[in-house]
Structure formats: C-alpha cells, structure tokens
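Biologist: Could you walk me through reading a few features of a structure? I would like to start with contacts.

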Amino acid sequence: MALIPQRLLNTYNIVIASRGGAKAVYKEGDFVVRMVGCETDAARNCEREFEDMRVVKGAQIMREGVKGG
C-alpha cells in the first residue's frame with residue numbers, strides 16, 4: 001500500500017474550497033478530471049464544461065474514450 005498525491009487520480013475542473021481549492025484544479029499532465037456537481041447544478045452545463053476541458057491547455061481528452069470506447 002502507498003500514499004499517492006490526490007492530483008494523480010482526482011483533480012477538479014473548478015475550484016472547490018473544501019476539496020483542496022486551487023491546488024486540486026486540473027493542470028496539464030494530470031490524468032483524471034472530475035467534474036463534480038455539474039449534473040446536479042442547474043446553473044452549470046456538463047457538456048460545455050467537458051468541451052472546455054477537452055481543449056484547455058492542449059489536453060487530449062476524447063469524448064469517445066470517456067463514453068466507454
């Protein structure tokens with residue numbers, strides 16, 4: 001068993017103060033981006049947030065890969 005940095009498996013697409021603040025927001029090279037709360041907040045749009053992440057900083061996140069390809 002080993003402890004690993006949170007960034008390795010769980011970064012966020014928005015700043016959430018109670019979950020690490022700006023230190024836990026996606027940066028190029030991070031492996032997983034969690035879009036916490038977008039599906040339950042009527043003011044947010046999950047698909048638009050996904051598209052924003054897909055193009056941010058050259059990230060190579062492909063919709064087909066996420067949907068189960």
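Predicted model: local features only at pLDDT ≥ 70, side-chain atom pairs only at ≥ 80, totals over all residues.

Biologist: Which secondary structure element holds threonine 11?

Modeller: Threonine 11 lies in strand β1, which covers residues 11–12.

Biologist: Is threonine 11 buried or exposed?

Modeller: Buried is the label for a relative accessible area under 20%. Threonine 11 has 0%, so it counts as buried.

Biologist: What does the side chain of threonine 11 reach?

Modeller: Look for the backbone oxygen of valine 32, at 2.6 Å from that side chain. Valine 32 is also among the contacts of threonine 11.

Biologist: Let's turn to disulfides. How many are there?

Modeller: The count is 1 disulfide. Cysteine 38 and cysteine 46 form it, with their sulfur atoms 2.1 Å apart. To read its handedness, go to the angle about the S-S bond: at 110 degrees, the link of cysteine 38 and cysteine 46 is right-handed.

Biologist: Why is cysteine 38 classed as buried, and how is cysteine 46 classed?

Modeller: The relative accessibility of cysteine 38 is 7%, so this residue counts as buried. Cysteine 46 has a relative accessible area of 27%, and therefore is partly exposed.

Notes: Residues numbered from 1 in each chain as written. Heavy atoms only, no water. Helix = DSSP H or I, 4+ residues; strand = E, 2+ residues; numbered from the N terminus. Buried < 20%, exposed > 50% of the residue type's maximum accessible area, 1.4 Å probe, protein only. Polar contact = N/O pair within 3.5 Å; in protein donor to acceptor, adjacent residues only side chain to side chain. Contact = heavy atoms within 4.5 Å. Disulfide = S-S within 2.5 Å. Lists of a residue's contacts leave out its neighbours within four places in sequence.
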